[in-house]
Amino acid sequence: MTTQTDPLWYKKAVIYELHIRAFHDSNGDGHGDIPGLIEKLPYLQDLGVTCLWILPHYPSPLRDDGYDIADFYAVHPDYGTLADFQRLIDEAHKRDIRILSELVVNHTSDQHAWFQEARRDPKSPKRDYYVWSDTDDKYKEARIIFLDTERSNWTWDPVAKQYFWHRFFSHQPDLNYDNPEVQEAMLDVMRFWLNMGVDGFRCDAVPYLFEREGTNCENLAETHAFLKKLRKTIDAEYPDKMLLAEANQWPADVRVYFGDGDEFNMGFHFPVMPRLFMAVRREDRTPIVEILQQTPDIPESCQWAIFLRNHDELTLEMVTDEDRDYMYREYANDPRMRINLGIRRRLAPLMDNGRRRIELMHSLLFTLPGTPVMYYGDEIGMGDNIYLGDRNGVRTPMQWTSDRNAGFSRADGARLYAPVIGDPVYGYQSINVEAQERTRSSLLSWVKRLIRVRQRYPAFAMGKLRWLNPDNRKVLAFMREYEGQSILIVCNLSRFAQPAVLDMRDWEGQVPIELMGETAFPMISSLPYQLTLGPYMFLWFRLEKLAPGRGMP
């Protein structure tokens, strides 16, 4: 049973992101639902997951996969009811799994009752819930985020006879946070779900809440003031809850969202993600080391969230034009693999289904500073479907078995919300949970072991990072240190075997114990410490001091 006694639980968590619609269909209507997810909680517990991040479950036209919310206080009828959601929280907590919900603070659907009232009645109090203008020439310095679909951040509404402001799709009008009623309304939404028992929120698109002329309308002081108000409310009324910021910005800009430990508890580290892929393809640790060296310290109570893939494209906003061209050339040679400023592909296809490379990427995910966020299906190496529109190719049904519809649903195939992956390489006939649970050497079994090892050592969750810089740049080596615990990580980013020569004099006399097999390696001396690594090989060690008179462990 989940206890509420550890205020830093999110630093030690293993987060698993899923969409209810895609996970398991319990009633055979072709859509995943909450009862279906509840059935699969034992699987998630066995995997080692301690926190679920659930994509938007609200009533919605689903023109943006649920981020276009039409009612903040209900559950989409395809997924179940409020009572189902309450049961999900209770059942998850029984298994020591916490629930993160989505708090979409920036905008609503144009089908939300607030917007419909606002556009119809200029005298309605709801009119001022949104940002209107008689012209479309205000806030010209604000960038357009969805360049491939939107020409402007303003859209003319023929009913209201004014333009309304939107930073994302034109069917998602931005809320007007200059209106105190909007701020209070969003605080009430937050309270509603916290009263049901959710353990926190992943807060969507937080940099864009306010607009000011002469700025790019991002990261404004007014935005931070409201977010601190959000956090203060939670701390005062709901202790041990957590706020996770989605702010796709450079690390120095995201740093501000932690405040003095009084704004967000966590923030996604977007720029590190593409650099993991870049480093592996270039066989050079430089991209990873550089971005983490540029990452400022954050308050002790705060934590980064890192990820390999998620429900969106592999975003390339926070890279140079040259690096973006490189990533497109190496990872998205088919134009259908690209969307916005990114690549809409899953982990396994990006790694050419190479088992060693997939394992190496997971090793980076679970050892670099931050809480790891896994994306459903990546633990079994699921593929994608680049022929589906938008980013739906990475949102296909979870592959449970080799039975009809991958064991996801009993519906006729044509009724599924999206087709299952059925190609010869990634098809559910061969890539599925049931098959991998039967095989001790499967990717799924390996991921479970990796998570269990990570959970045994607090240094992975809480430890400081200390680089070791071997001359061979194809080797990434670093220490994670916490309260006397020292963990050494050595990774070969190359497709060929590589030597690693490490300066380990600060740990002279200690013995590296390899964590997977509990194998003792030669004692560290004042001399350079030498290792040989096979292609894409990595090693995790804890360093042990020998007791006087004791031989090798």
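## His93 in helix H4

His93 is buried, with a relative accessible area of 10%. Buried means under 20% relative accessible area, exposed over 50%, and partly exposed in between, with a 1.4 Å probe and protein chains only. His93 sits in helix H4 (residues 82-94). Helices (H or I, at least four residues) and strands (E, at least two) are DSSP runs, numbered from the N terminus. In sequence, His93 and Gly197 are 104 residues apart. In space they are 9.2 Å apart, C-alpha to C-alpha.

This is a predicted model, where local features need pLDDT of at least 70, side-chain atom pairs count only at pLDDT 80 or more, and totals for chains, interfaces and linings use all residues. Residues are numbered from 1 along each chain as its sequence is written, and side-chain values use heavy atoms, with hydrogens and water left out.

Strand E8 covers residues 242-245. Met242 and Leu244 point one way from it, while Leu243 and Ala245 point the other way. All are buried. The chain reaches E8 from E7 through helix H7 (residues 221-237), and this β-α-β crossover is right-handed. That term applies if, with the strands pointing away from the viewer, the path from the first strand over the helix to the second runs clockwise.

Strand E7 (residues 200-204) pairs with E8 in the parallel sense, over 4 bridges. Two strands pair if DSSP finds at least two bridges between them. Arg202 stands opposite Leu244 in E8. E8 also pairs with strand E9 (residues 266-268), again in the parallel sense, over 2 bridges. Here Ala245 stands opposite Gly267 in E9.

## Two open sheets

Strands of a sheet pair through backbone hydrogen bonds, either parallel or antiparallel. E4 and strand E6 (residues 162-165) run antiparallel and are joined by 2 bridges. Trp132 stands opposite Phe164 in E6.

Another open sheet of 3 strands has the order E11-E13-E12, and its pairing is antiparallel. Its edge strands are strand E11 (314-315) and strand E12 (338-339), and each pairs on one side only. E12 and strand E13 (residues 342-343) run antiparallel, joined by 2 bridges. Ile339 stands opposite Gly342 in E13.

## The largest pocket

The largest pocket has a volume of about 510 Å³. The search uses a 1 Å grid over the protein atoms alone: a cavity is a set of points where a 1.4 Å probe fits but cannot get out, a pocket is an open set with protein on both sides within 12 Å along at least five of seven lines, and lining residues have an atom within 4 Å of a point. Grid points are joined across faces, edges and corners, and a volume is the space filled by probe spheres set on the points.

The pocket is lined by 23 residues, and the closest to its centre are Asp297, Ile298, Trp304, Pro369 and Gly463. Strand E10 (303-307), helix H16 (458-462) and strand E15 (464-468) each give two or more residues to this lining. E10 gives the most, with 3 residues. The lining divides into 13 nonpolar, 5 polar and 5 charged residues. Ala, Val, Leu, Ile, Met, Phe, Trp, Tyr, Cys and Pro count as nonpolar, Asp, Glu, Lys and Arg as charged, and the others, Gly among them, as polar. Domain 1 (9-107 + 180-455) and domain 3 (463-545) both give residues to the lining, so the largest pocket lies between them. Domain bounds come from an automatic or database domain assignment.

## The cavities

The structure holds 3 cavities of 30 Å³ or more. Domain 1 (9-107 + 180-455) and domain 2 (108-174) both contribute to the lining, so the largest cavity lies between them.

The second largest cavity has a volume of about 40 Å³. Among its lining residues are Leu308, Arg309, His362 and Tyr375. Helix H13 (355-367) and strand E14 (371-375) each give two or more residues to this lining. E14 gives the most, with 3 residues. The classes here are 5 nonpolar, 1 polar and 3 charged.
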